[in-house]
Amino acid sequence: MPSPATRSWSVRSWPAVSLAIAAFLAIATTECHRPALTETERHGQEVYARTCAVCHGPNGEGYAADQAPALAQPDFLASVSDDFLRSSITSGRS
């Protein structure tokens, strides 16, 4: 039979253990159900990595010295039109 100290520790730690298990299951479930990328999306990732990430960073964080805006920012995305983005992506920028 466990000692009273051991029993007390396990009762107090149960919420933390439960939370850890729930977090693990949530992350594992999310990762398992992520849809596979389409061929177009994979191609877009390759093009971005090869030609855009040099200035904008691998995660779209931007680079001020090259005047490359952070592409992954909601403020930037809200301030430009779809046509501007489409033109910049297909034709590039000066």
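User: Let's start with the cysteines: how many disulfides does the structure hold?
Analyst: The structure holds zero disulfides, a disulfide being a pair of cysteine sulfur atoms within 2.5 Å. C52 is in no disulfide, and the nearest cysteine sulfur, that of C55, is 8.7 Å away. Before we go on, please keep in mind that this is a predicted model: local features need pLDDT of at least 70, side-chain atom pairs count only at pLDDT 80 or more, and totals for chains, interfaces and linings use all residues. Residues are numbered from 1 along each chain as its sequence is written, and side-chain values use heavy atoms, with hydrogens and water left out.

User: How much of the chain is buried?
Analyst: Of its 94 residues, 12% count as buried. Helix 4 is hardly covered, with one buried residue among its 10. Just after helix 4 comes G92, which takes a positive phi of about 80 degrees.

User: Switching to pockets, how much space lies in the largest pocket?
Analyst: About 880 Å³. The search runs on a 1 Å grid over the protein atoms alone: a pocket is an open set of points where a 1.4 Å probe fits, with protein on both sides within 12 Å along at least five of seven lines. Grid points are joined across faces, edges and corners, and the volume is the space filled by probe spheres set on the points.

User: Which residues lie nearest the pocket's centre?
Analyst: C52, H56, L71, S88 and I89, out of 27 lining residues. A lining residue has an atom within 4 Å of a point. The elements giving two or more residues to that lining are helix 2 (39–56), helix 3 (74–79) and helix 4 (82–91).

User: Which element gives the most?
Analyst: Helix 2 does, with nine residues. By type, the lining has 15 nonpolar, 10 polar and two charged residues. Here Ala, Val, Leu, Ile, Met, Phe, Trp, Tyr, Cys and Pro count as nonpolar, Asp, Glu, Lys and Arg as charged, and the others, Gly among them, as polar.

User: Back to H56: buried or exposed?
Analyst: H56 is buried, with a relative accessible area of 17%, and its place is in helix 2. Leaving aside neighbours within four places in sequence, H56 is in contact (heavy atoms within 4.5 Å) with Y48, E61, G62, A68, P69 and L71.

User: What does Y48 touch?
Analyst: Not counting residues up to four places away in sequence, Y48 touches A53, H56, G57, P58, G60 and L71. Y48 lies in helix 2 too.

User: Last topic: how many salt bridges are there?
Analyst: The count comes to two, where a salt bridge is a side-chain nitrogen of Lys or Arg within 4 Å of a carboxyl oxygen of Asp or Glu. One joins the side chains of E39 and R42, at 2.8 Å from N to O. D83 and R86 form a salt bridge at 3.1 Å.

User: Where do those pairs sit?
Analyst: E39 and R42 both lie in helix 2, three residues apart, about one turn of the helix. D83 and R86 both lie in helix 4, three residues apart. An α-helix has 3.6 residues a turn, so residues three or four places apart point the same way. As for exposure, E39 is exposed at 54%, R42 is partly exposed at 36%, and D83 is exposed at 58%.

Key
Helix = DSSP H or I, 4+ residues; strand = E, 2+ residues; numbered from the N terminus. Buried < 20%, exposed > 50% of the residue type's maximum accessible area, 1.4 Å probe, protein only.
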